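Student: I would like to go through this structure and ask what stands behind the words used for it. Where should we begin?

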Amino acid sequence: MAEYNVKVLGFGDNVVDKYEHIKTMYPGGNAVNFAVYAKMFGARRSAYMGYFGDDKEAEHVIESLRQEGIETVKCKQLVGENGCARVTVINNDRVFLGSNEGGIRGETLYVLDRFDLEYIRGFDLVHSGNYCFTERQLHKIKEAGVPLSFDFSDDSTPEYYAQVAPLVDYAFMSCSEMSEEAIQEHLKKVTGYGVKIAVASRGSEGCIAYDGSRFYVQRALPVEKMVDTMGAGDSLLTSFLVSYMEKVKEGKAGQDAIAECLEKAAGFASKVCGMAGAWGHGKKYE
C-alpha cells in the first residue's frame with residue numbers, strides 16, 4: 001500500500017446501513033466512509049468527528065472504527081438513536097428504502113468551538129457532505145484556513161449549491177442520470193462559485209472532473225468480483241483527495257496531477273466494490 005503524507009478529517013455523518021434482505025447491518029455514512037477509506041488508501045492520519053447515539057447500532061459503528069484504527073477523540077455519544085438507513089439489493093444494485101434522518105445527530109447540530117478549530121487546524125483537509133447537518137459550521141473551517149471538500153447529493157437544490165459551494169475547495173456529486181453535456185454545464189456552474197475542482201461521478205461510466213479550465217474524463221476500471229456498490233462514490237472521492245492533497249503539499253498540483261489522481265481513484269473504487277457494505281464489518285440484527 002502506498003503511503004501518503006496527508007492528514008484528513010471526516011466531519012459529519014455516521015450511520016448503520018441495514019440490509020433488510022439479509023438482516024445484516026454495516027457501518028457507513030459519507031464522513032465515516034471518508035475517514036476509513038483514507039486510512040485504507042494510505043493517509044498518514046485519518047480521523048472522524050461527529051455524534052453517535054447510544055444504541056447497539058452506534059456501538060457497532062464505534063467498535064468498527066476502533067478496529068480500523070480511526071481517530072475519534074472529537075466524537076461525542078448522545079442519548080438517542082444512531083443514524084440508520086434501510087437498504088436492499090436488487091440485481092446487484094443497492095436500493096435505499098428510507099432512513100431515520102440521522103437519528104439524534106439530526107436533532108443535535110455539532111457546533112464547532114475554538115478547541116475544535118484548534119484540532120481541525122492540524123489537518124490538511126476536512127470532508128463533509130449533504131447529509132451531515134454541518135452546513136452552518138463550514139464557514140468556520142474555511143476561516144480557519146483548512147481546505148474543505150464536500151459531497152453534494154442528487155437532491156441538492158440550486159439554492160443549496162449557492163449557499164454551500166462558495167465555502168468549498170473540492171466538490172463532488174453523483175450525476176449518473178445526466179448527459180455528458182449537462183454534466184459539463186453543471187461542473188462549470190459549481191466551479192463558478194470558487195470551487196477549485198468539481199467531480200461528477202457517473203456510476204459504471206466513471207467520472208468527469210473540471211478545474212475551471214479543463215475537463216477530465218476518467219473511465220471506471222473493471223471490478224474483479226462485484227459484491228456491493230455501496231461506498232463506490234465515497235471511495236473514489238477519498239482516494240482522489242488523499243493522493244491530490246499530497247501533490248498540493250509537494251507543490252506538484254495541476255493538470256497532470258489531477259489526471260493521475262483520478263486514475264488512482266478509479267482503481268481504488270473498483271477494489272472497494274469487492275467488499276460487502278461500504279467497508280465490511282457486517283453484523284446480524286433481529
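Student: Which way do the residues of strand E13 (residues 207-210) point, and are they buried or exposed?

Tutor: The model is a predicted one. In E13, Cys207 and Ala209 point one way, Ile208 and Tyr210 point the other way, and all are buried.

Student: What makes E12 and E13 paired strands?

Tutor: Pairing takes at least two bridges. Four bridges join strand E12 (residues 197-201) to E13, and the two run antiparallel. Four meets the requirement of at least two, so E12 and E13 count as paired. Within this pair, serine 201 stands opposite cysteine 207. E12 and E13 form a hairpin with five residues between them, and glycine 203 in the turn has a positive phi of about 60°.

Student: What joins E13 to strand E14 (residues 215-218)?

Tutor: Four bridges, again in the antiparallel sense. Alanine 209 stands opposite tyrosine 216 in E14. The hairpin of E13 and E14 has four residues between the strands, and glycine 212 there takes a positive phi near 95°.

Student: Why are E8 and E15 called edge strands?

Tutor: Five strands form an open sheet in the order E8-E7-E2-E3-E15, with mixed pairing. Strand E8 (93-99) and strand E15 (283-284) each have a single partner strand, so one side of each is left without a neighbour in the sheet. The partner of E15 is strand E3 (residues 24-28), paired in the antiparallel sense over two bridges. Methionine 25 stands opposite lysine 283 in E15.

Student: What lies across these strands?

Tutor: Helix H2 (residues 56-68) lies across strand E2 (15-19), E3 and E15, running at about 55° to E3.

Student: How do you know that the length of helix H1 (residues 30-41) agrees with its number of residues?

Tutor: At 1.5 Å a residue, its twelve residues should span 16 Å, and the end C-alpha atoms are 16 Å apart, which agrees. H1 is mostly covered, with ten of its twelve residues buried. Among them are Asn30, Phe34, Tyr37 and Phe41. Glycine 42 follows H1 and has a positive phi, near 120°.

Student: Why is the pair of phenylalanine 11 and tyrosine 110 called edge-to-face?

Tutor: A search of the whole structure finds 16 aromatic pairs. Phenylalanine 11 and tyrosine 110 have ring centres 5.4 Å apart and planes at 85°. The centres lie within 6.5 Å and the planes are over 60 degrees apart, so the pair is edge-to-face. Phenylalanine 11 is in strand E1 (residues 4-11), while tyrosine 110 is in the loop between helix H3 (104-107) and helix H4 (114-120), 99 residues apart. Both phenylalanine 11 and tyrosine 110 are buried.

Student: What makes tyrosine 48 and phenylalanine 52 buried?

Tutor: Buried means under 20% relative accessible area. Tyrosine 48 has 0%, so it is buried. Phenylalanine 52 has 3%, so it is buried. Their rings form an edge-to-face pair, 5.8 Å centre to centre with 65° between the planes.

Student: How do you know that lysine 18 sits over the ring of tyrosine 285?

Tutor: The charged end of lysine 18 is 4.9 Å from the ring centre. The distance cut-off is 6 Å, and the charge must also be within 35 degrees of the ring normal. Lysine 76 lies over the face of tyrosine 110, at 5.4 Å from the ring centre.

Definitions and conventions
Residues are numbered from 1 along each chain as its sequence is written. This is a predicted model: local features need pLDDT of at least 70, side-chain atom pairs count only at pLDDT 80 or more; totals for chains, interfaces and linings use all residues. Side-chain values use heavy atoms; hydrogens and water are left out. Rings of Phe, Tyr and Trp (its six-membered ring) pair if their centres lie within 6.5 Å; planes under 30 degrees apart count as stacked, over 60 as edge-to-face and the rest as tilted. Buried means under 20% relative accessible area, exposed over 50%, partly exposed in between (1.4 Å probe, protein chains only). Contact means heavy atoms within 4.5 Å. Axes are lines fitted to C-alpha atoms, for helices over the stretch in contact, and angles run from 0 to 180 degrees between N-to-C directions. The expected span of a helix is 1.5 Å times one less than its number of residues.
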